[in-house]
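Subject: Structure handover and notes

Hello,

Here is the structure for your use. My notes on it come after the files.

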Amino acid sequence: MTTGQDHATRVHRYLGIGAVALVAWVGLYVSLQPLAARVTYGLLGLARGSRFGLAAEFFVYEAPKVLLLLVLVVFGVGIVRSFFTPERTRDVLAGRSETVGNVLAALLGVFTPFCSCSAVPLFIGFVTAGVPLGVTFSFLVSAPMVNEVAVVLLFGLFGWKVAAIYTGTGVLIAILSGWTIGRLHLERYVEAWVFKTRAAGGAPAEARLAWSDRLEAGWQAMKDIVGRVWPYVLAGIAVGAGIHGYVPENFMASIMGKGAWWSVPVAVLVGIPMYSNAAGIIPVVQALLDKGAALGTVLAFMMAVIGLSLPETIILRRVLKPQLIAVFVSVVASGILIVGYVFNLLF
């Protein structure tokens, strides 16, 4: 049995590690811009102003900044997630009125673990626990689209305003999409075997964890998530660096700018069949914006890639009939289109 002294020791250890990481990140962030220039043009000897030099400087600057920020925030979100297991989330949503449930589901989706591999058990658990179908879809939209990796990277690359805009619009799309699907009463397009599956009962043990265990959960989440996404982060930054260094100025404005009315639907259509996560796509988004692409068009592209990925849709076919999948994709895509046009108009 773990004693109170053991718990206190573990708490102090994790808090110490977190404090050291925070100080290291702040110090590196402050000195990163001149350090990237010295590494690129001094250590590597690349010519200033050259295309390859600009691309290399972009990569050297962004890679450590994004990875360190990711480590810090995923650790914190891992602690928050210890309060919201899938079972606990199901219990919170069950029995709520549908409108309140849509809002709660969209908000809970931001903090709870979700990926395409967990779509089927989560969907079954929600439906069999009596959660309305529309509420389930609000969670289904919010969880992959507005996750901590997306918010962290957006904040690190673009600042709090863009991160807040993306988070707010993503949650709003999730709420409205679930509410719309709920109004259509499409339960007949859920595979019949789903309703025959009994929901697991009982309160999850994770809800009663000690703080030392929650810090352990944050540590494990950091190792797991960062360990899985860092190659995508570096790959995305590399692609972004290539765009930054080699794509001519204002080229993207001609095909993804405000003046091209068709750019938003094309961005959504291109994004839906793509497979990437936030870690891989956000550095590309930054490079597109730097080259003149419109904010609304780029956000629509990113939302389509993250929120309507083809692998997730294929897995959902195990529990949803094609008619409901088509409605789901159409409703969410319509919301993304509206967001793209509105932000192109406002910004």
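This is a predicted model: local features need pLDDT of at least 70, side-chain atom pairs count only at pLDDT 80 or more; totals for chains, interfaces and linings use all residues.

Helix 16

Helix 16 covers residues 322–346. With 25 residues, helix 16 reaches 36 Å from its first C-alpha to its last, close to the 36 Å expected at 1.5 Å a residue. Its buried residues include Leu 324, Phe 328, Val 331, Val 332, Gly 335, Ile 336, Val 339 and Phe 343. An α-helix has 3.6 residues a turn, so residues three or four places apart point the same way.

Nonpolar cores

The largest nonpolar core has 77 residues. Phe 328 and Ile 336 are among those with the most contacts inside it, together with Tyr 166 and Met 302. Helix 14 (residues 295–307) gives the most to this core, contributing ten residues. A second core is separate and has eight residues, including Ala 105, Phe 126, Val 131 and Phe 139.

What does Ile 336 touch, beyond residues up to four places away in sequence? The list is Met 145, Ile 173, Val 268, Ala 300, Met 303, Ala 304 and Leu 308.

Ser 177 is found in helix 8, residues 160–184. Ser 177 counts as buried because its relative accessible area is 2%, under the 20% cut-off. Apart from neighbours within four places in sequence, Ser 177 is in contact with Val 141, Val 331 and Val 332. Val 331 and Val 332 are buried residues of helix 16.

Salt bridge

How many salt bridges does a search of the whole structure find? There is one. Arg 317 pairs with Glu 191, and the closest N and O atoms are 2.8 Å apart. The two residues are 126 residues apart and link distant parts of the chain. Arg 317 lies in the loop between helix 15 (310–316) and helix 16, while Glu 191 lies in the loop between helix 8 and helix 9 (192–195). Arg 317 is partly exposed at 36% relative accessibility, whereas Glu 191 is buried at 18%.

Surface patch

Trp 261, Trp 262, Val 266, Val 270 and Tyr 341 form a nonpolar patch on the surface, and their accessible area together is about 520 Å². Tyr 341 belongs to helix 16. Tyr 341 is partly exposed because its relative accessible area is 37%, which falls between the 20% and 50% cut-offs.

Regards

Notes: Residues are numbered from 1 along each chain as its sequence is written. Side-chain values use heavy atoms; hydrogens and water are left out. Patches are made of residues with over 30% relative accessible area and no salt bridge: like charges are joined within 9 Å, nonpolar side chains (Val, Leu, Ile, Met, Phe, Trp, Tyr) within 5 Å. Accessible areas come from the Shrake-Rupley method with a 1.4 Å probe; for residues, only the protein chains shown count as cover. A salt bridge is a side-chain nitrogen of Lys or Arg within 4 Å of a carboxyl oxygen of Asp or Glu. Helices (H or I, at least four residues) and strands (E, at least two) are DSSP runs, numbered from the N terminus. Buried means under 20% relative accessible area, exposed over 50%, partly exposed in between (1.4 Å probe, protein chains only). Contact means heavy atoms within 4.5 Å. The expected span of a helix is 1.5 Å times one less than its number of residues. A nonpolar core is a set of buried Ala, Val, Leu, Ile, Met, Phe, Trp, Tyr and Cys residues joined through side-chain atoms within 4.5 Å.
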